[in-house]
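Dear colleague,

I am handing over the structure we spoke about, and my notes on it follow. Please read them with the coordinates open beside you.

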Amino acid sequence: MQPFTTVTGPGVVLDRDNIDTDQLIPARFMKRSRTEGYGDQLLRDLRFDEDGEPDPAFPLNRLAEPPVLMVAGKNFGCGSSREAAVYALVDHGIRVVVAASFADIFRGNAGKNGLLTIALGDAERARLVRFVERERASAELGRLTIDLETQTIAGEGLETIEFDIDAGLKRRLLLGLDELSETLEDEPMITAFETRHFAERPWVVPANR
Amino acid sequence: MRQTIVDKIWAAHEILAREGSSLLFVDRHLLHEGSHHAFDKIGAAGRKVRHPELTFGVADHYAPSSELRANAASATMIERLSANTARHGIGSFGLGDARRGIVHVAMPEQGLTLPGLVIVCGDSHTATHGAFGAFAFGIGASEVAHVLATQALWQKKPPAMRITVTGELPFGTTAKDLALHIIGRIGTGGATGHAVEYAGAAISALSMEGRMTLCNMTIEMGARSGIVPPDETTFAWLRGRPMAPKGAAFDRAVQSWKALRSDAGADYAREVVIDAGEVAPMVTWGTSPEQVAPVTGAVPEPAAGGDAEALDYMGLSGGESLSEIPIDRGFIGSCTNGRYSDLLAAARVLAGRRLAVPLLVSPGSSEVARQAEESGIAAIFRAAGAEWGMSGCSLCVGMNGDRVQAGERCASTSNRNFRGRQGPGARTHLMSPAMVAAAALSGRIADVRAMELAALPEAAESFEAARAGS
Ligand code: SF4
């Protein structure tokens with residue numbers, strides 16, 4: 001996993017609630033392998049019309065430079081557990097999603113792929129939205145700097161926003177650590193647990209396999 | 001400390017705790033075609049599957065419901081699952097296997113879902129298995145790889161939420177209507193991240209199939225899991241299932257499962273009480289399951305919560321009566337409503353009548369299909385003019401060859417009315433199986449309570465009674 005320390009770049013606003021993973025990556029595109037990349041299919045059916053022409057009004061299509069941060073409403077990433085929704089965002093260059101709230105599974109998937117998810121209260125989120133919208137209207141794209149170590153989002157003319165993050169996740173993101181290799185160090189404990197568990201609950205191993 | 005049922009299952013599966021998270025042992029790991037990313041991950045690292053005997057695969061998402069709509073790309077996904085599971089010594093139900101079906105229908109049917117287990121699957125509707133008193137939840141591909149390699153998963157304990165449903169469900173309403181009613185009340189974020197526990201007389205009265213429908217839809221409230229503590233209904237349903245314990249081993253298991261209930265006075269971060277008597281047949285009008293109303297209601301005006309973007313996508317305007325909306329097709333199936341009792345409820349409406357619009361039925365599993373053929377209800381669907389498809393996820397998700405065309409309106413028993421879920425531009429109205437049958441007969445959304453129901457041949461009804469009560 002790519003370590004996450006500081007990221008700088010423009011933002012984009014998708015001011016809707018319930019952006020589900022079917023929208024982030026429609027099911028018909030999920031046959032790809034990871035190496036083929038998912039970035040071009042991010043929000044495919046919102047960005048492009050039926051003939052594959054980009055919708056000029058859609059926020060992601062109006063930017064000269066791909067954004068690093070996306071701001072959205074409530075319940076971001078709800079629906080299917082497909083991790084490809086995170087791949088699509090990350091492959092498109094987005095490293096941070098700010099929302100009023102996130103769906104559970106999406107948030108877990110994000111953390112495992114170096115995508116930072118930040119839940120903000122309405123007032124702070126509105127400040128961020130105003131910053132991004134105002135900067136988009138100006139000639140030069142305004143840049144945001146997201147610093148994981150200090151847990152801040154900063155930008156010129158933006159009152160710095162602080163955010164919360166789980167301590168374990170922060171450590172893994174900063175170091176680009178993968179959870180699985182860490183867990184493998186705990187293997188003896190898993191083995192000891194299993195011996196006890198199978199003895200107490202013999203039905204755990206199915207009959208007639 | 002007074003514990004909830006989830007606390008008890010959690011404690012029995014905690015291998016270790018660190019940084020506020022617990023490493024939980026996983027008793028059942030279920031796979032489908034979408035698992036290819038996870039196999040690639042462990043393959044790249046040269047890792048082995050730790051417990052192939054606790055891991056089960058099944059082809060469902062990409063399984064075609066008709067040979068006519070089968071395609072090469074979907075076949076590749078199914079072959080990949082077979083190859084990956086075979087390489088690691090994992091049992092998997094592929095095309096042609098009589099045990100095959102949608103993962104959340106087939107695995108309980110085979111007796112793989114048991115009370116008190118921790119069950120995970122790379123699919124959000126894994127919550128379905130909570131109907132048996134299991135702690136079951138969906139995970140992503142990285143977590144699937146983690147479970148394959150370690151048979152364990154890092155989790156933070158979700159806050160507990162209790163939904164108590166008092167009273168009795170009125171005539172013509174089902175667990176699906178109850179689920180949609182609750183989502184309408186608390187919203188798609190109403191249970192975000194919570195472990196939901198169901199309680200109350202209306203829940204105890206539900207059949208196992210109804211409990212599965214309800215736990216399945218719990219994910220649409222934003223919950224991590226849904227659970228119904230096991231009782232005699234649960235034990236009766238499980239007895240004799242192919243892979244459940246047998247004889248004395250089963251009885252010993254039941255003794256232990258009886259302890260799986262929340263202590264009186266256990267703490268819940270959220271409590272909701274619902275009166276089942278208020279539930280009516282429900283229909284969604286928008287692009288989120290929370291955009292729902294009783295069939296006797298109307299599409300809300302944008303000013304009254306009628307989300308203008310959703311109405312635009314759905315081609316509806318505020319004020320329209322739900323029961324006047326014409327539909328183009330119907331779909332009965334999915335892990336929410338593809339079980340025998342669902343098909344039976346629809347057959348009671350369809351018997352002796354002819355459809356006004358096309359209806360696709362995809363039984364939740366090959367076993368459900370077999371039972372329906374045997375009891376004669378498959379014949380009722382065919383006589384009405386429905387297409388009787390093969391089992392799989394089918395029209396619940398546009399990825400296996402089945403699709404609703406852009407602009408078409410579909411009355412569907414599935415669980416998500418998201419934009420494009422049934423195909424780009426498709427318009428989905430979620431409802432119960434009997435309501436879909438009523439809509440497909442009328443050519444518009446219709447109140448099933450106004451329709452006369454057929455008494456079905458003894459074989460069909462008693463088949464159900466025999467199964468439910470055995
Ligand atoms: S039937 Fe639908 S919701 Fe259920 S597992 Fe298949 S795609 Fe998912």
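How much area do chain A and chain B bury between them, and what percentage of it is on carbon and sulfur atoms? The two chains bury about 5000 Å² between them, with 56% of it on carbon and sulfur atoms, where buried area is the accessible area (1.4 Å probe) that two parts lose on being put together, summed over both.

Before going further, please note that this is a predicted model, in which local features need pLDDT of at least 70 and side-chain atom pairs count only at pLDDT 80 or more, while totals for chains, interfaces and linings use all residues. Residues are numbered from 1 along each chain as its sequence is written, chains are lettered from A and ligands numbered from 1 in the order in which they are written, and side-chain values use heavy atoms, with hydrogens and water left out.

The interface between the chains

The contact (heavy atoms within 4.5 Å) takes 55 residues from chain A and 71 residues from chain B. On the chain A side, A:Lys31, A:Leu180 and A:Trp203 supply 15% of the area buried against chain B, more than any other three residues.

Across this interface the rule finds ten salt bridges, a salt bridge being a side-chain nitrogen of Lys or Arg within 4 Å of a carboxyl oxygen of Asp or Glu. In one salt bridge, between B:Glu143 and A:Lys112, the closest N and O atoms are 3.5 Å apart. Over all chains, the structure holds 38 salt bridges. B:Glu143 lies in helix α5 (residues 141–150) of chain B and A:Lys112 in the loop between α4 and β5 (116–119) of chain A, so the pair joins two chains; helices (H or I, at least four residues) and strands (E, at least two) are DSSP runs, numbered from the N terminus.

There are also 26 residue pairs in polar contact between chain A and chain B, both residues being at pLDDT 80 or more. A polar contact is a pair of N or O atoms within 3.5 Å; within protein, one must be able to donate a hydrogen and the other to accept it, and residues adjacent in sequence count only if both atoms are side-chain atoms.

The two domains of chain B

Chain B is divided into domain 1 (5–271) and domain 2 (281–467), with bounds that come from an automatic or database domain assignment. Their centres, taken over C-alpha atoms, are separated by 24 Å. In contact are 42 residues of domain 1 and 45 residues of domain 2, and the area buried between these domains of chain B is about 3600 Å², of which carbon and sulfur atoms give 54%. In domain 1, B:Ser65, B:Ile102 and B:Glu209 lose the most area to domain 2, together 17% of what that side buries.

Three salt bridges are found across the interface of domain 1 and domain 2 of chain B, and B:Asp402 and B:Arg69 meet through their side chains in a salt bridge at 2.5 Å, N to O. The count of residue pairs in polar contact between the two domains of chain B is 24, both at pLDDT 80 or more.

Aromatic pairs

A search of the whole structure finds 13 aromatic pairs over all chains. Rings of Phe, Tyr and Trp (its six-membered ring) pair if their centres lie within 6.5 Å, and planes under 30 degrees apart count as stacked, over 60 as edge-to-face and the rest as tilted. The rings of A:Tyr38 and A:Tyr87 have centres 5.8 Å apart and planes at 55 degrees, so this pair is tilted.

With best wishes
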